[in-house]
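Here is a short briefing on one protein chain. Please look over the sequence and the fold before reading the points below.

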Amino acid sequence: MAKNVAATTLFMAAVLCFSSLVSASARAPASTPARAPASAPVSNDILYVEGRVYCDTCRVQFETKLTEYMEAASVRLQCRNRTSDKITYTFEELTDSNGIYHIPVEGDHEEEICEVKLLKSSRDDCSERATRRLTGRVLITKNVGVATPIRYANSLGFMKKEPLPGCTQELQRMGFLPLD
């Protein structure tokens, strides 16, 4: 029994690490400096939260090569005071054609807890929220040693009602199947 619990824990830790790696590699290459969205006003007081919303076509709750990024999915950024839990900032946004959202944030929120949350899927066939990817916490402050105005949140996902036929092969290619 303890062996199964340890194996399951190790597997979930590997999935989480791999998911973070896939999410990070889906962003702009490291050699490309991050910039504020072209439509964004230029201001020293504004930071931007950026992230992606995806359709988990394999129902594994992380991104794969079969993942589809969702246009017009809605998300909400909400910041709240760490001690009183009072909401201090809220902004809702839709994703673009690549599943990316860009949320402008006025002011510094160093002493607050800020999270991006999935609100609504743009697809009827992919509307079940991935329980492990409901929110993405993000630090919104200039006091973290990051020179660019963009703060990245982890990708958030909805799951397709049924996995695509190629999912088994994709998970085998990734080394997740077969489970011994």
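Which residue of strand 4 does Arg-80 stand opposite? Arg-80 faces Ile-87. The model is predicted. The protein chain holds two helices and 10 strands. Buried residues account for 37% of its 180 residues.

**Overall layout**

- Along the sequence, the elements of the protein chain follow the pattern α-β-β-β-β-β-β-β-β-β-β-α.
- Take the contacts between residues at least 6 apart in sequence: 70% of them join residues at least 24 apart.
- The accessible surface of the protein chain is about 10,600 Å². Carbon and sulfur atoms hold 55% of that surface.

- An open sheet is built from four strands in the order 4-3-6-8. The pairing is antiparallel.
- Strand 4 (87–94) and strand 8 (135–137) are the edge strands, and each pairs on one side only.
- From one strand to the next, the twist averages 20 degrees.
- Seven bridges join strand 3 and strand 4 in the antiparallel sense. Within strand 4, Thr-90 is the residue opposite Gln-78, and Ile-87 is the residue opposite Arg-80.
- Strand 3 and strand 4 also form a hairpin, with five residues between them. In its turn, Asp-85 has a positive phi of about 65 degrees.
- Strand 3 pairs with strand 6 over eight bridges, again antiparallel. Here Leu-77 stands opposite Val-116 of strand 6.
- Strand 6 and strand 8 run antiparallel and are joined by three bridges. Glu-115 stands opposite Arg-137 of strand 8.

**Nonpolar cores**

- The largest nonpolar core counts 22 residues. Those with the most contacts inside it are Val-49, Val-53, Val-75, Leu-77, Tyr-101, Val-116 and Ile-140.
- Two or more residues of this core come from each of strand 1 (46–56), strand 3 (74–81), strand 5 (100–106), strand 6 (112–120) and strand 10 (156–159).
- Strand 1 gives the largest share of this core, four residues.
- A second, separate core has seven residues, including Val-60, Phe-62, Cys-167 and Phe-176.
- What does Val-75 contact, leaving aside neighbours within four places in sequence? Its partners include Val-53, Phe-91, Tyr-101, Ile-103, Val-116, Leu-118, Leu-119 and Leu-156. Glu-92, Glu-93 and Lys-117 are also among them.

**Thr-141**

- Thr-141 sits in the loop between strand 8 and strand 9 (150–152).
- Is Thr-141 buried or exposed? Thr-141 counts as buried because its relative accessibility is 3%, and the cut-off for buried is under 20%.
- Its side chain reaches the backbone nitrogen of Asn-143 at 3.1 Å.
- Setting aside neighbours within four places in sequence, Thr-141 contacts Leu-47, Asp-108, Glu-110 and Arg-151.

**Arg-129**

- Arg-129 belongs to strand 7 (residues 128–129).
- Arg-129 has 37% relative accessibility, so it counts as partly exposed.
- The side chain of Arg-129 reaches the backbone oxygen of Leu-119 at 2.3 Å.
- How many residues separate Arg-129 and Phe-158 in sequence? They are 29 residues apart in sequence, yet 4.4 Å apart in space, C-alpha to C-alpha.
- Not counting residues up to four places away in sequence, Arg-129 touches Leu-118, Leu-119, Lys-120, Leu-134, Gly-157, Phe-158 and Met-159.

**Positive phi in loops**

- Most residues other than glycine have a negative phi. The following residues are exceptions to note.
- Gln-61 has a positive phi, near 65 degrees, and is not a glycine. Gln-61 lies in the loop between strand 1 and strand 2 (68–69). With 13% relative accessibility, Gln-61 counts as buried.
- Ala-72 has a positive phi of about 70 degrees, and is likewise not a glycine. Ala-72 lies in the loop between strand 2 and strand 3. Its relative accessibility is 39%, so Ala-72 counts as partly exposed.

Terms used: Residues are numbered from 1 along each chain as its sequence is written. This is a predicted model: local features need pLDDT of at least 70, side-chain atom pairs count only at pLDDT 80 or more; totals for chains, interfaces and linings use all residues. Side-chain values use heavy atoms; hydrogens and water are left out. A nonpolar core is a set of buried Ala, Val, Leu, Ile, Met, Phe, Trp, Tyr and Cys residues joined through side-chain atoms within 4.5 Å. Buried means under 20% relative accessible area, exposed over 50%, partly exposed in between (1.4 Å probe, protein chains only). Contact means heavy atoms within 4.5 Å. Two strands pair if DSSP finds at least two bridges between them. Axes are lines fitted to C-alpha atoms, for helices over the stretch in contact, and angles run from 0 to 180 degrees between N-to-C directions. Accessible areas come from the Shrake-Rupley method with a 1.4 Å probe; for residues, only the protein chains shown count as cover. A polar contact is a pair of N or O atoms within 3.5 Å; within protein, one must be able to donate a hydrogen and the other to accept it, and residues adjacent in sequence count only if both atoms are side-chain atoms.
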